[in-house]
Amino acid sequence: MNILITGCNGQLGNEMQLLAKQNPQHKYFLTDVVIPEGVNASVLDITKKDDVEDFVGKNGIDCIVNCAAFTAVDKAEEATELCRLLNSDAPGILAEAVGKCGGCIIQISTDYVFDGTGHTPYAEDAPTCPNSVYGTTKLDGEKAVMAACKNYMIIRTAWLYSTFGNNFVKTMIRLGKEKPSLGVIFDQIGTPTYARDLAVAIMTAINKGVVPGVYHFSNEGVISWYDFTKAIHRIAGITTCDVRPLHTSEYPTPAARPHFSVLDKTKIKQTYGIDIPYWEDSLRECIERLK
């Protein structure tokens with residue numbers, strides 16, 4: 001297959017690049033809006049319909065993995081136009097282009113499509129109710145993909161981290177080494193997702209054949225941000241930082257966060273035969289790679 005990976009410089013995009021080397025049976029086209037020196041990729045603005053259709057057509061793209069998104073949740077509350085362009089419009093443009101060629105698209109979405117007021121793991125058919133600009137635009141992106149391409153796979157994920165880019169794990173390691181104490185939210189519950197594990201799931205779906213639908217993916221287990229931080233410091237060997245629990249009300253942010261973000265992964269495990277690692281096992285692997 002000819003596979004287009006957008007947002008190749010992001011956390012998931014970089015993990016997909018590494019995994020591509022282990023799956024040489026496909027041909028990969030890596031794109032982003034800015035390409036670092038030494039990276040074999042192309043510049044592609046996925047918000048421009050003509051450019052996307054030209055790229056997909058010329059390169060005979062069979063599958064698009066859209067890793068590109070506006071993910072600055074708080075900034076999205078002000079940068080609404082740019083957020084909508086990247087999270088809502090662009091996925092529809094990509095889906096339409098590959099759909100015309102009879103191909104498929106894998107769109108990465110988020111737990112923020114739910115308001116987080118539930119208390120049992122969210123299944124794919126649970127009613128959506130985003131309460132932030134980011135969540136609303138990502139949900140609109142899901143709808144745009146479904147409307148434009150019948151061969152779609154939407155994967156909602158949560159609490160993404162990796163060895164690449166800026167993320168919670170790397171920030172907590174840095175702050176843990178710099179500060180004598182930290183306050184971290186304890187009343188928001190969810191499951192971390194190691195981007196490498198998500199990339200493996202995506203590649204499995206590609207190799208087995210995309211079964212259209214909405215899916216959920218995160219690592220196994222349930223934890224709070226506070227407990228996650230304690231685990232990060234323990235595994236990283238940080239002993240000089242006192243981590244204390246905070247209520248959400250003590251750390252106000254422009255965008256509302258879901259208090260409960262646990263996703264039910266039954267569907268993706270049964271459909272593709274995927275074994276999902278426990279969150280702490282994946283965290284250990286990531287921190288070892290960072291070392």
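Why does Q107 count as buried? At 1% relative accessibility, Q107 falls in that class, since buried means under 20% relative accessible area, exposed over 50% and partly exposed in between (1.4 Å probe, protein chains only).

## Basis of the model

This is a predicted model, where local features need pLDDT of at least 70, side-chain atom pairs count only at pLDDT 80 or more, and totals for chains, interfaces and linings use all residues. Residues are numbered from 1 along each chain as its sequence is written, and side-chain values use heavy atoms, with hydrogens and water left out.

## Overall form

The protein has nine helices and 13 strands. Both are DSSP runs, numbered from the N terminus: helices are H or I with at least four residues, strands are E with at least two. The C-alpha atoms fill a box of roughly 55 × 40 × 35 Å along the principal axes. A compact globule of 291 residues would have a radius of gyration near 19 Å, and the protein agrees, with 19 Å. That radius is taken over C-alpha atoms, and the globule rule is 2.2 Å times the number of residues to the power 0.38.

Of the 291 residues, 52% count as buried. Contact means heavy atoms within 4.5 Å. Among contacts between residues at least 6 apart in sequence, 82% join residues at least 24 apart.

## Two nonpolar cores

A nonpolar core is a set of buried Ala, Val, Leu, Ile, Met, Phe, Trp, Tyr and Cys residues joined through side-chain atoms within 4.5 Å. The largest has 34 residues; Y161, V169, F228, I232, L283 and I287 have the most contacts inside it. Two or more residues each come from α5 (168-178), β8 (181-185), α7 (225-236), β13 (242-246) and α9 (279-290). Helix α7 gives the most, with six residues.

I232 contacts F168, V169, M172, I173, L283 and I287, leaving aside neighbours within four places in sequence. A second, separate core holds 31 residues, including L19, L30, A199 and V210.

## Helix α9

The 12 residues of α9 should span 16 Å at 1.5 Å a residue, and the end C-alpha atoms are 16 Å apart, which agrees. The expected span is 1.5 Å times one less than the number of residues.

Buried in α9 are W279, E280, S282, L283, C286 and I287. They cover an arc of only 155° around the axis, so they sit on the same side of α9. The arc is that of the directions from the helix axis to the C-beta atoms. Their cover includes β7 (160-161), α5, β10 (193-194), α6 (195-208), β12 (223-224) and α7.

Q107 lies in strand β5 (residues 104-110). Beyond neighbours within four places in sequence, Q107 contacts N66, P91, K138, V145, M153, I154 and I155.

Helix α4 (residues 133-148) has 16 residues and reaches 22 Å from first C-alpha to last, close to the 22 Å expected. Its buried residues include V133, Y134, K138, L139 and V145. The buried residues of α4 pack against α3 (80-100), β5 and β6 (152-157).

## N2 in strand β1

N2 is found in strand β1 (residues 2-6). Not counting residues up to four places away in sequence, N2 touches K27, F29, N59, G60, I61, D62 and C63. The C-alpha atoms of N2 and Y194 are separated by 26 Å, with the two residues 192 apart along the chain.
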